[in-house]
Amino acid sequence: PQKEQLVESIRRIDQGTAWLKMSSLNELDRRYEDVTQNFIAEVENLTNLPLRREITWSALTVFIASPHMVTPYHFDHDVNFLFQVHGEKDVWLYDQDDRFVLTEDEIEAFYRGNPTAGIYRDELGDKGTRYHLSPGIAVHQPPLAPHLIRNGSSVSVSVSIYFALRSLDIRARIYQANACLRQLGMHPLSPGLSPARDWLKSA
């Protein structure tokens, strides 16, 4: 019954309010893994950065969504490239380095296990940059960059290729250590303010 419901939901996706996420397809089919690794190699060549040496994990995910669906404001741990395959959508991207936009408390809560730690506030309205995606257009979403997405008037199909870097994983562990220290009544420094303390926390 669940399989039949899924098939029917996809068949009628242009008429409803469905949102389908097929995660980590590169783990299910070697062809998707080839696409993922070839893309990462291209980014590495374009940027002259040794990405593959620093990547700790990578994935390819496909999103299929009904017209006018909205992906709520949130942020992610990884480096993400979102490619539009069918339909159109608008992506609002916010500066992850602006602590008025993204607070230390939100980041720490995220790494403490709350995937919806990012809180949209009305005063953020003019802080985001809008990117309009149509087939063949992609947008780069930096790690921790808050974003929200609104689909256009037709079914949207998007492909997301994303990866984590060793430096991002280390920073995550520092935030997790800070959360533990805060529970003990301490007031730990944010990442980047003390290399020695950062090293101890990440260890």
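The side chains of Gln141 and Asn80 meet in a polar contact of 2.5 Å. A polar contact here is a pair of N or O atoms within 3.5 Å; within protein, one must be able to donate a hydrogen and the other to accept it, and residues adjacent in sequence count only if both atoms are side-chain atoms. Gln141 sits in strand E7, which covers residues 138-141. Helices (H or I, at least four residues) and strands (E, at least two) are DSSP runs, numbered from the N terminus.

This is a predicted model, in which local features need pLDDT of at least 70 and side-chain atom pairs count only at pLDDT 80 or more, while totals for chains, interfaces and linings use all residues. Residues are numbered from 1 along each chain as its sequence is written, and side-chain values use heavy atoms, with hydrogens and water left out.

Is Gln141 buried or exposed? Gln141 is buried, because its relative accessible area is 3%. Buried means under 20% relative accessible area, exposed over 50%, and partly exposed in between (1.4 Å probe, protein chains only). Leaving aside neighbours within four places in sequence, Gln141 is in contact with Asp78, Val79, Asn80, Leu82, Val91, Leu93, His147 and Ile149. Contact means heavy atoms within 4.5 Å.

Ser158 counts as buried because its relative accessibility is 0%. The side chain of Ser158 is joined to that of Lys89 by a polar contact of 2.8 Å. Beyond four places in sequence, the contacts of Ser158 include Thr61, Phe63, Leu82, Gln84 and Lys89.

The table sets them side by side.

| Helix | Residues | Length | Reach, first to last C-alpha | Expected reach |
|---|---|---|---|---|
| H2 | 30-47 | 18 residues | 26 Å | 26 Å |
| H5 | 166-183 | 18 residues | 26 Å | 26 Å |

The expected span of a helix is 1.5 Å times one less than its number of residues.

Which residues of H2 are buried? They are Glu33, Thr36, Phe39, Ile40, Ala41, Val43 and Glu44. These buried residues pack against helix H3 (51-54), E2, E4 and E9. In H5, the buried residues are Leu168, Asp169, Ala172, Ile174, Tyr175, Ala177, Asn178 and Ala179. Their cover includes strand E2 (55-65), strand E4 (79-86), helix H4 (104-111), strand E9 (156-165) and helix H6 (195-202).

What follows each helix? After H2 comes Asn48, whose phi is positive, near 60 degrees. After H5 comes Gly185, with a positive phi near 90 degrees.

## Loops with positive phi

Two loop residues also have positive phi. His68 has a phi of about 65 degrees, although His68 is not a glycine. His68 is in the loop between E2 and strand E3 (70-74), and it is exposed, with a relative accessible area of 52%. Leu144, also a residue other than glycine, has a positive phi near 70 degrees. Leu144 belongs to the loop between E7 and strand E8 (147-151), and it counts as buried at 3% relative accessibility.

## Distances along the chain and in space

Arg121 is in the loop between H4 and strand E6 (129-133). Arg121 and Tyr73 are 48 residues apart in sequence, and their C-alpha atoms are 9.9 Å apart in space. Not counting residues up to four places away, Arg121 touches Phe100, Val101 and Glu106.

Ile64, in strand E2, gives another pair to look for. Ile64 and His187 are 123 residues apart in sequence and 43 Å apart in space, C-alpha to C-alpha. Ile64 counts as buried at 16% relative accessibility. The contacts of Ile64, leaving aside neighbours within four places, include Ile13, Trp19, Met22 and Val157.

## The whole protein

How many helices and strands are there in the protein? There are six helices and nine strands. The C-alpha atoms fill a box of roughly 55 × 40 × 35 Å along the principal axes. Of the 203 residues, 45% are buried. Among contacts with a separation of 6 or more, 83% are between residues 24 or more positions apart.
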